[in-house]
Amino acid sequence: MQQNLVLYNTITRKKEEFKPIHEGYAGMYVCGPTVYGDPHLGHARPSITFDILFRYLQHIGLKVRYVRNITDVGHLENDADSGEDKIAKKARLEQIEPMEVVQYYTDRYHSYMKDLNVLPPSIEPRASGHIIEQIEMIKKILENGFAYESNGSIYFDVPKYSKSYDYGKLSGRVLDDLLSNTRVLDGQQEKHHPADFALWKKAEPQHIMRWPSPWSDGFPGWHLECSAMSTKYLGEEFDIHGGGMDLLFPHHECEIAQSQAANKKEAVHYWVHNNLITINGQKMGKSLGNFITLEEFFTGNHELLDKSYSPMTIRFFILQAQYRGTLDFSNEALQSSEKGLQRLMTAYSAISKIKPDNTAETNTSGLAEKCYKAMNDDLNTPMVISVLFETAKLINEANNGKQRLSETNIAEITKLFETFAFEIMGLKNEEKQNDDKGKTDELIDMILNVRMDVKANKDYATADKIRDELQKMGVVVKDKKDGFEWEIQ
RNA sequence: GGUCAGUUGGCCGAGUGGCUAGGCUCUGGUCUGCAAAACCAGCUACGGCGGUUCGAAUCCGCCACUGACCUCCA
């Protein structure tokens, strides 16, 4: 099936049809987490956004190599290059090895991603495992004359690069403006120009994360890992580079410059950036301290949360907004998502109850077309969801006798849910069950059967008591015409 | 200050120049011993002012406001 996917390319500021470099294949690199803290709602957005892209590219028949890095070195804590490595600082505070911190948070990140039904990437490289590649890249940049050594550190020569290439083309920045707007930072005297950035930084004696290099014992600059690892696993030119909008400058701008300076090629064909999640209209971010971790969402253990929210609620909430728009967090919005998702899932399970009527002339084939059209238009998941709701309505109407659906209709509807809700959008039915489920089911059924007998004798006091007690244990009873249904909340 | 987004009904969020996305809330109803759940129905919004057009939320201009980036951040 041929689908023409159109993606918004940040660098051209236009929607462009996606044409892979190698027909039938797609290479995608996405900036992953810096593992020095628990992932928060903001981290869930790019993970889910690019999970959708990953899933969709595969769905339309491409073989995808998806690389998402783990940043475990190189991000400096404070004022640019003189700052201390974030992970080193955290490690010192907690009196453990830096790699222990990295391992701990990496494991937790993986666990939360799994909860969110985010597929693991094809390759998940760590910066610390690619020091050699980064040193080699620095050498190439030095050879090509776009970097210089200063007191054991290597800096990228932005003014020189600007003479041959357009530094700032991704973020729309002009070098002269950068000059006038750059803060005076410690260690700035090592640089020839304020806009220059570190490729390799000599370690101060107190730094515990350090590696040998031709220039000094130190650590790689903050932007280099992505350039080095994307080149290694996807080649000097590849299809898609993704990440959050806040990485546009300086991170991605620097990546472009580094790759260009090292390989003399424009590395990335499509730049895709997800927008941020806001809280009270403001960015949810670490520096602002206004973030809520995924664990807090899942447990409800945060003062701003009215209740806990399941992973699928979070996923659905994120998918209800197009990835390039901001998305404002609120309890109301999340509860709305929770109910909406439940409604879709209820409708999906009600498909099996429809009695087929093969004289029906309802047209359901257009629904999938609408979904494909929406997905092809820069991953318009809110539109896909609205089609699913439309379908849910159809299902319910069929079960209420207001609509007739043929076997073909039912097959198409079933496939629609399976393809778009589950396969592409990665939603799943969250059933709270455990290993003893079978026994629990039997017990609850037994109790409720007793309640039916009591009700038949019009002993409503006892019937209500049973229902109330079950309710307290989290079992919601729903009386039906000829019996009952229940679910565990 | 520079760069870039955005401003849609009570809330969240799509959107094509003309055919009222969708969800949640709310109200009414079906069902029910009652209730809950489920389902059905109703609720016609597009920041302000101009302009283009037979017609604009959708195109253009101006203004106002909000946010992001310019320092680590998804």
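Student: How many aromatic pairs does the count come to?

Tutor: The count comes to 17 aromatic pairs. Rings of Phe, Tyr and Trp (its six-membered ring) pair if their centres lie within 6.5 Å; planes under 30 degrees apart count as stacked, over 60 as edge-to-face and the rest as tilted. Before we go on: this is a predicted model, where local features need pLDDT of at least 70, side-chain atom pairs count only at pLDDT 80 or more, and totals for chains, interfaces and linings use all residues. Residues are numbered from 1 along each chain as its sequence is written, chains are lettered from A and ligands numbered from 1 in the order in which they are written, and side-chain values use heavy atoms, with hydrogens and water left out.

Student: What are the planes of Y104 and Y105 doing?

Tutor: They stand at 80°, with the ring centres 4.9 Å apart, so the pair is edge-to-face.

Student: Is Y105 buried or exposed?

Tutor: Y105 is buried, at 11% relative accessibility. Y104 is partly exposed, at 45% relative accessible area. Buried means under 20% relative accessible area, exposed over 50%, and partly exposed in between (1.4 Å probe, protein chains only).

Student: Which residues form an aromatic cluster?

Tutor: F146, F156, Y161, Y165, Y167 and F197 form one.

Student: Sheets next. In what order do the strands of the parallel one run?

Tutor: The order is β4-β3-β9-β10, four strands in an open sheet. β4 (63-68) and β10 (268-274) stand at the edges with a single partner strand each, so one side of each has no neighbour in the sheet. Helices (H or I, at least four residues) and strands (E, at least two) are DSSP runs, numbered from the N terminus. Two strands pair if DSSP finds at least two bridges between them.

Student: How many bridges between β9 and β10?

Tutor: Six, in the parallel sense; β9 covers residues 238-244. G242 has V272 in β10 as its bridge partner.

Student: And which strands form the antiparallel sheet?

Tutor: β5-β6-β7-β8, in that order, and that sheet is open. The edges are β5 (147-150) and β8 (218-220), each with a single partner strand, so one side of each is left without a neighbour. Four bridges join β5 to β6 (residues 153-156). S150 stands opposite S153 in β6.

Student: How many residues of α7 are buried?

Tutor: Nine of its eleven, and the helix spans 224-234. Among the buried ones are L224, C226, M229 and L234. The cover includes β3 (25-30), β4, α4 (131-143), β7 (197-202), β9 and α8 (248-263). Contact here means heavy atoms within 4.5 Å. Just after α7, G235 takes a positive phi of about 100°.

Student: Where does W211 lie?

Tutor: In the loop between β7 and β8. Its contacts include V73, I131, W200 and F219, leaving aside neighbours within four places in sequence. The C-alpha atoms of W211 and I131 are separated by 7.8 Å, and the two residues are 80 apart along the chain.

Student: Last one. What domains is chain A divided into?

Tutor: Domain 1 (19-274), domain 2 (278-424) and domain 3 (437-488). Those bounds come from an automatic or database domain assignment. The centres of domain 2 and domain 3, taken over C-alpha atoms, are separated by 30 Å.
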